[in-house]
Amino acid sequence: MSVIKKDRRDSDSDSEVNANANANTADADFGRATPTEELLYGVIRRLWPLHRTVVRAVERELTGTGLTAGEHALLDALRTDGPRTVPQLARTMGLDRQPVQRWVNHAAELGLVVTAPNPAHRRSPLIQLTTEGTHVIRGIQDFEATELRHRLADLPAADIRTALHVLDRIGEEFHHLASAASAAPTASDTHRTSARRDSPGIRETGDIKDDPDTLGGRRAPRKGRS
């Protein structure tokens, strides 16, 4: 009888060990990325260094033009989408209004963009390319297209379309995440908002993105493309 009882205790002990081992394995597996998720992490990890590398390459090819990589992106957006207000450009480029306004100011000083009346919003003019601005961005992009054909000729169009699809999907989901995070008020935000509304002489104003946009800003020398 004692032997039977001992064997039963040993069996119970083994079951407990196995259960703990299974639990530890489950804990270890919890949160572990699947192979597909690991691939997505790989894509996301490459985005920031890729962006920085592209910016450095663009800045190098813009040497002598007086333009920055951001102003290059601005001219490209205007050539692709047509005249836009500064807030519209900022939304299209996924940026705050202030840096886009600075780029517009400088491009205007270089004679590459001008303002035009906006039928939809009298106080927020449209920004449009001048003839020279169209010529400049077309020349830059013709050079870029030649470089792309030379350096990336081995990439099939189907692969590029897949890359665009994946990047668009990642961008959509992170946009939703960013919007949800910015929309969630904290206790301190609620306190500050309440304090502003209760304070005499302080008036709530609209979003800065809806402010009228005007041209002006720093002076820069006008340069030709080297």
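I'll start with I44, which is found in helix 2; helices here are DSSP runs of H or I with at least four residues, strands are E runs of at least two, and both are numbered from the N terminus. This is a predicted model, where local features need pLDDT of at least 70, side-chain atom pairs count only at pLDDT 80 or more, and totals for chains, interfaces and linings use all residues. Residues are numbered from 1 along each chain as its sequence is written, and side-chain values use heavy atoms, with hydrogens and water left out.

I44 counts as partly exposed because its relative accessibility is 32%; buried is under 20%, exposed over 50%, partly exposed in between, with a 1.4 Å probe and protein chains only.

I44 also belongs to a nonpolar surface patch with L40, L47, L167, F174 and L177, and together they have about 490 Å² of accessible area. Helix 2 (35–61) and helix 7 (157–183) each give two or more residues to that patch. Areas are Shrake-Rupley, 1.4 Å probe, with only the protein chains shown as cover.

Next, the pocket. Which element gives the most to the lining of the largest pocket? Helix 2 does, with 14 residues. The lining has 41 residues, and L50, H51, V54, V55 and V58 lie nearest the centre. The volume is about 1,900 Å³, taken as the space filled by probe spheres set on grid points joined across faces, edges and corners. A pocket is an open set of points on a 1 Å grid where a 1.4 Å probe fits, with protein on both sides within 12 Å along at least five of seven lines; lining residues have an atom within 4 Å of a point.

Technical notes
Patches are made of residues with over 30% relative accessible area and no salt bridge: like charges are joined within 9 Å, nonpolar side chains (Val, Leu, Ile, Met, Phe, Trp, Tyr) within 5 Å. A salt bridge is a side-chain nitrogen of Lys or Arg within 4 Å of a carboxyl oxygen of Asp or Glu.
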